[in-house]
Every structure is written in structure tokens, then in C-alpha cells.
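Colleague: I am new to this one. Please show me the structure, and then I will ask how you know what you say about it.

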Amino acid sequence: MADNLRALFSSNDPSAFDVSEAFTDRNSQWAVVAASLEDHLRRVADGSIDVEDLEAPRTNMIVFHGVGGVGKSTLLRKIEAALTAAEHRPEQWGAPTWTERVLPIRIDLSRAASTGSDFERVILTIRLALAGALDRTVPSFDVALRHYWETVHPGEPLDEYVRRSGLAGRFSSLLPGQLQAGVGEVAAALALPGLVGSAAGQLTTALVSALRERQERARALAGATRTAALLEATPDLDALSYYPHLLAWDLTQLPAKKRLTPVVLLDTFEDTVDRHRDFERLLQRLVWLLPNVFFVIGGRSRLQWADPALHGQLDWTGPAAWPGLAAAPSSLTVPQPRAAGTGARQFLIGDLSPEDCETHLARRLVHDGQPLIGADIRAAITARSHGLPLHLDLAVSRFLEIRRTGRTPTAADFDCAFPALLARTLSDLTPEERHLLRSVALLDAFDLDLATQTAGLAQQAPARRLVERPLVTEDPYALWPYHLHRAIRSAVRDDEHSDDRWTPADWHQAADRALAALGDQWTKAAALAPSRMLLVACLRQGLRLARDHRLTGLGWLIKAAFVYTDDSVWEPLALPSVGTGAPDTAADAVAELLTAIVRRQREHRQRTADRLTAVLDTGLLPAELTEMALYYRAKAHKDLSQNDAARTGMQQVADGEGRLAVKARRALANLARLAGDFPTALAAVPTLGWKGRHHRVLGDIQWSHADTAAAINAFEAGRAEAEQHGAAGERAMMQVRLALAVSFADPDRAADELALAHQFLEGLDQRSNTLLAQVVALIKDAGTGDVTARAEILRTDIEAAGLPFLHRFVELALAFHHAVRSEDQDLAAAIGRLRALTATGDFAYFTDIAHFMGGLPLPGPSTIRWTSSEADVRSAWRGLVQARQERLLAGN
């Protein structure tokens, strides 16, 4: 309602639009409350709750916790309204199934300072609500309350205190009269009418004596076992906190027509926090001693009463006392309706979905039946809010403020954070926790060690306290389990208003610490057991930090970049774009280098070559990474069939004798093979070793000679070596090539090898090898009817990928297909296309192989240098075609 009034007074023409409360979602939370309350009412009705049993576990509550501004108070107000009258219940919640009478009592604890005396306000609020609902006394409690009041507040009338403290309401005038009537009931029960107007202490003494003497009328009126002991205790605040036990007894003695179940809603429970948990201890007694009352508690933090570590700080602790409050998977997520049956009593209030944000904003301000806030602005607010309801309400206020100036709001006006949101977040954090909050705002995700090092602290304790707050979300299965709520993270990083906001130098220093902490974590882990997942995660965060904060300490990032590229897996690094300008720092250049290398799997290779050229032209790359840029640019040139440029680049890398020199020499051997100089390529194999992928180079030479058995052996050896080194990317490449060699000679085995290749390729993002595997499928199926049509589709995919060298493989597969089917004209056409594709001389041996497959003479002298005689190579290829023909004939 306050928001509605604020909107109403934001314009001189309030009739220009309708302002309404747009309560959205929270169906699952209501379902949890309704189911739990129904169960509680059933237990009250069947007598299974014994108010004098002070050892039984307590389940008479539901706790909703969540980050500030997520809608806890709104939810509790709606629950209060829904329990008060059906017309106030949101339609989507549906009608409750119980018929028992309930009395909702919402108490806003934010209005109380964190001192013990405020417990009086809580007790009086509950008693005032009962005064109106019951219109009768609760005698044993009323006698104790009156005795307490006269002792602690001598000479101060209760009604005057109620008015002065702000508790006055439509039932406030009833309470003093009911307390007096309660005294009268007790005096009558004791047959002592002369005590009606006497001091409460005299009546209390008489009642205690009667109870001690086991007088039946006294026991019938105030017969709880512990009543006498409570009334004998000194009437101070501590005693007051035990008086709810008397109230629980009185409620059980109500006549059937008067019976009701109070539902106490304690809002903003975080405001009860004090160093020694004094106020919280009193409130816990209230909940424990009123087991027949249902409580709904809302606060920012998870209620810790089930934590055994609090033993001694509170009266009842541990999971045996509060089984529904123990930390469990169900407490980590927004509850679903079915969760009510699990016994869980504590739930995290989640953010609104984008659809619910849209609904909220569309209904919030309405003009002529249409949303006043345009669709584009609603979309911008929703994206920036990350589902936080407080952000939505602040955005609505900003919308009205802009309209009041006479300007039409635009979507760009809402690409901002709100200081009020941050103020709410920081209000209950210690200075140490505020420092930690800003530190972890630099990180996408973190653990306790990473947070502590980024903040520059010596102990993890502050980080442990911070992650227990709902503004930090936990995913226990993630590499780093914690991440900051995205809307709060944005507000923290955009902060320009808080008194202790960081300067640019503060942010830079924290980013330096974060980068060093990431490097330290990766380096230590890699020394024990290399983890690809940790490597990629550290790179993602480290590159963004180095780029966004213009950091210079890139040492571990350089080493990690080489480890990342070594295995050819190519997980996306997903760095957000920061504009189209050229890199102007070394960190910019490194980020662009790795981004270009990764994206080549999804971009045209010409785009990759251009991006790498631009990075090299800046001159900002460290020397080691300059070598990497040259190497991958040369690879792009090779894929584009620009082999002269590829040879130049690879020779430059090989001559540099750096980390990639062996790979460059392998690439030069492959380029010699592509040019048809097989002896030169073969001579390089012994010099390559594992780092130069010697088995892969050898196998490529052998299958080109139709020596499939030797090629299969080479590729199997290469696959085994890759597995030995834990190189998943190389293993996948070896498997695709193994399937290629097998596909010419043994299509049945090729199907199995190809299936394994696809399994190995899963998640590696190796685009060229994925397309090559499709070529292998064509060769495996050569001689069947649909190969030509599938080849046409594959050509389109190859063109889109910018991998023209694969067109040669497609035509070679078609040549094999047509040769098997003795389709001379189609074979000639395929040879013609191959001749055009190999006009530069690279892959020209494919044209010769196509002739050999069809048993055709070469049109002239060949420039190809085979490792054996041309006649042997011709015979081997023709033999593979004839073997396939015989196989197909046998199958028919």
C-alpha cells in the first residue's frame, strides 16, 4: 500500500493512470504454508499437541528467508490478508481446505530496536489481537501479565502505554478491561471477591496458594502444572518470556465456540539480531512455549536454531528440537507445492521469473486498460533486475520520476542500479563483510579460499559468515559453490553513493588480488592432478579480470593459455563484449587472442585469420603468445587453402624454437604432404614425438597410399598415446582418422569406429573433425543410393564453416562412390571438380587417387612424390574399390 501511495503522490494528475499492487508468483510458498498450517490445525484438533510437553520437537512454524528486497514482507502481508478474509486472498492461491478458525497476527520486528524490552511489544501485540478475537479473558496468562505490569511499570496504566508505544488499535481499549475481568474470574474461583480491586501481587499470592493446596476450582481455571512456579518467580522480563506457556494452556481451555488458532507472522526477523542473541532467545521461547500456535517467520538469514553449535546461546537447539529447520537440499531452493510433505520448515525465497517480472510491471501502472510502462522498458527492467522484486519497485518509482519531468522514459533510463537496493543489502553487514561483499563482486563464482584471498584477509571466518547470508547463492555441485545475487552484484559494482564506496584504486587492487588468487588455485591444483574444468573456469574469470581492470601480472594466464590450447577441446571462454575498439592493453590482446582461437570453431576461418592479424598488429601480445597467434593464424590459412601463407607462418614459428615449434614442424610436414611431397613428410616423423603428434602425421601419409592396415595401426597407437596423456581432443582426432582409414576397407567396423568418434567429439567443439566424420560416413556408405544427396548437404555446411579444404574430401568420397558403382560420367565429373579444387597443387594427389580408384590413366605426368611406386599406389586404391564392389554384390 505504501508503494501505491508513493505512486499516487508522484503526479499532479493521479487519475491519468491506475496504480495497483501487482502481487506475482509465490504460489508454491502459499502451498507450503497452507499444507503446513492444515497439518498443524489437524494436530491441534485431535489433541496430539500437549502444551505441557516441553521436550517434544517443535514443527509449529514455517520460515522464509531471502535477500533483502526479494518480497518476504509482501508475502507475509499477503498471507495475513489471505487468512483474514477470502476476498483478500490472491485468486491463484486457491481456497484452503480447513474449516477451523484462525487468527492471523503480523508483527513487524523492524519497528523494534534490538533490546530485550521490545519483547513486551510482541507479547502485547498478540494479547491485543486475542482481545478482539475472543472478547473474553485468558485468565492465568492475564493474572501473570497484570502482576508483571504492576511490578515492572508501577503507576503506568497499560492503556496509556499502549497508546504511547504505537500499539493502539481498534482492540486496544478492550485489553485493560479484559485483564481486570481476568482478575475477577480468578477472585471468584478462589471465593475471594475482595481481591478484585487489590494489587495483582496479592491475587497472585492467593492463586499460588490455592494451586499449591490443589484447590479444584483454581486448578480448573489455571491448572497448568507450572503455573504456580511461574507466578512465584520474580515478575521480570525473563519471567515474561515464559508466560506464553500460560497462554498456550488458556487457549486449550477455550469453549468449543470460542476456539481459534493464532497464526503469528514475525516479519523482518533479521532485525532481532544482537551480539548475544538476547532478543532472539526470548522469541524462541515464545515459539517453543506456544506449540498450539502456528508461526510464519520471514527474514534475510536462515534460522539457525537447528544448529548444534548454538547450544548455550539459545534454550533449545539442534535438529532433534527443530527437525524442520535442519539444513537440507529442500532449504536451498524455492519450494514446490509437493515440498510441504517433506517435513521441511525452512525455505529460501527465490527471485521472480522473467515472465512474472513482466506481469508485475505490466499490472503495476495501467492507463486505459493498457500497461503504462512500454514493452521495451519492461524488458530492460526485467533484464537488469535479475528477478529481484525490490528492483522492480524502484524502477517503477524511477519511471514516474522521469515522467514528472515531462520527458518520456526510454529503455536506456533503466540500465542502472539503485542506491536504495545496495543500502538495504549493506545495512546489516559488518564492515568486514561489506569489504568481502565488494571483493567477491569481482568474481563470477567463488569458494571460501578465493573470497578470503581476494579480500586480502588472513582468516576465512568472515567469508564463511557472508556465504551464510541469502544474498549469496550456493550450488554445492559447482566447482566454486558460491555466487553473489546478480542484481546485488551489479549494484555493488556500480556504487557511487555509499559512504564507504571503493575508489578505482581499491577496485584495481582487489582485482589484482583476485587474479593472483585464481592463478594460485590453478597452479596448486595442476601440480597435484590437472583439471580441465578448473583450468577453463580460472581462464574465464582471470581473462575478464585482467581485461576489465587493465591488469599487468599475466604470468599464470600465459601458461594457462598454452595448456588450454594444447588439447584442442575448445570450451567457450564466453568473455562478454566490451566494444568494437582495438585492444589497447596486453590483457585486452590476450583476451582477444584466445577468443579468436576458440571462436574459429564457430566462425569462418577468414574471420579468424583477420582477427589474429589485428591482434598481432597491435604489438601488445607477450612474446610467448605472439608465437601462439602466428601459429593459429597459419592454421587458419591452411584451412582456407592459403598454403603459401600457412607455410610462411609455420616456418616463422618453427624457427623461433618456442613452445609451439614442434607443432609448427608437424604442420610443415603436413603441408609437404598436402603438396604431394610424401618422402619429405615421412622423413619428419621421427623428429616429432608425442608433442608433434607423430602417429597422426604417419597415419595420414599411410592412408593416402591406401595402406589402410598400417594407417589403422598408426592411428590406434596415436589414440592410445593420447589416452595415456589424458588428451581428450587428440584422442577424438585420432578416432576420426581411424574411422577414415577403416571406412575404405571395412564399412562394418567403420560404423562402430564412427560411433565411438562421435562419442569422443561430444562437448569438444571440434568443428572440422565433426565435419570430417560426416565425410567418413559417406565413404563408409559408398555404393549406396543416398551418398550424392548427403554430399550436397555437407558441402553447404563446409562452406558455412569456412573450411574449404574439406571440399576435397567430399569429392574424394564421391569419386570412391562412383568408382564402386562404375558410374564413369559421374566419376569424371568428380575428378573434374577435384582438379579445380587442387589447381594450386595442394591436395593434387587426391586427383591422382580418384583416377586410381576408377582404373583410369592419368592425363599427363604426375608431380606427386609417393613413398612407394605409383603403380603400387594405383593397385592398392583400385583394390579397395574392387573389394567394395564384391562386398555389395555378395550382399545382394
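Colleague: What covers the buried residues of H32?

Modeller: The cover includes H31, H33, helix H34 (747–761) and helix H40 (870–891). This is a predicted model, where local features need pLDDT of at least 70, side-chain atom pairs count only at pLDDT 80 or more, and totals for chains, interfaces and linings use all residues. Residues are numbered from 1 along each chain as its sequence is written, and side-chain values use heavy atoms, with hydrogens and water left out.

Colleague: Which residues of H32 are called buried?

Modeller: Buried means under 20% relative accessible area, exposed means over 50%, and partly exposed lies in between (1.4 Å probe, protein chains only). In H32 the buried residues are Thr708, Ala711, Ile712, Ala714, Phe715, Gly718, Arg719, Glu721 and Ala722.

Colleague: What makes H32 a helix, and what is its reach from first C-alpha to last?

Modeller: Helices (H or I, at least four residues) and strands (E, at least two) are DSSP runs, numbered from the N terminus. H32 covers residues 708–724 and has 17 residues. The expected span is 1.5 Å times one less than the number of residues. For H32 that gives 24 Å, and its reach is 24 Å, close to expectation. Just after H32, Gly726 takes a positive phi of about 65 degrees.

Colleague: Why is H29 called largely enclosed?

Modeller: Of its 14 residues, 12 are buried, so the rest of the structure largely encloses H29. Among them are Lys663, Arg666, Asn670 and Arg673. They pack against H24, H27, helix H28 (643–656), H30, H31 and helix H39 (844–854).

Colleague: Which residues lie nearest the centre of the largest cavity?

Modeller: They are Lys635, Lys638, Arg696, Met733 and Arg737, out of 36 lining residues. Elements giving two or more residues to this lining include helix H24 (555–566), helix H27 (623–639) and helix H33 (728–745). H29 gives the largest share, six residues.

Colleague: How does the lining of the largest cavity divide?

Modeller: It has 14 nonpolar, seven polar and 15 charged residues. Ala, Val, Leu, Ile, Met, Phe, Trp, Tyr, Cys and Pro count as nonpolar, Asp, Glu, Lys and Arg as charged, and the others, Gly among them, as polar.

Colleague: Is Arg693 buried or exposed?

Modeller: Arg693 is at 8% relative accessibility, so it counts as buried. Arg693 sits in the loop between helix H30 (678–684) and H31. Its phi is positive, near 55 degrees, though the residue is not glycine.

Colleague: Why is Arg550 called partly exposed?

Modeller: Its relative accessibility is 47%, so Arg550 counts as partly exposed. Arg550 lies in the loop between helix H23 (532–548) and H24. Arg550 is not a glycine, yet it has a positive phi of about 55 degrees.

Colleague: Why is His391 called buried, and what does it touch?

Modeller: His391 is at 3% relative accessibility, so it counts as buried. His391 belongs to helix H16 (residues 389–404). Contact means heavy atoms within 4.5 Å. Not counting residues up to four places away in sequence, His391 touches Ile381, Arg384, Ser385, Cys416, Phe418 and Leu421.

Colleague: Why does Thr608 count as buried?

Modeller: Thr608 has 1% relative accessibility, so it counts as buried. Thr608 is in helix H26 (residues 605–618). Leaving out residues up to four places away in sequence, Thr608 touches Ala596, Arg600 and Ala636.

Colleague: What share of the protein is buried?

Modeller: Buried residues make up 54% of the 892 residues. The protein has 40 helices and 10 strands.

Methods. 1 Å grid on protein atoms, 1.4 Å probe; cavity = no way out; pocket = protein on both sides within 12 Å on 5 of 7 lines; lining within 4 Å.
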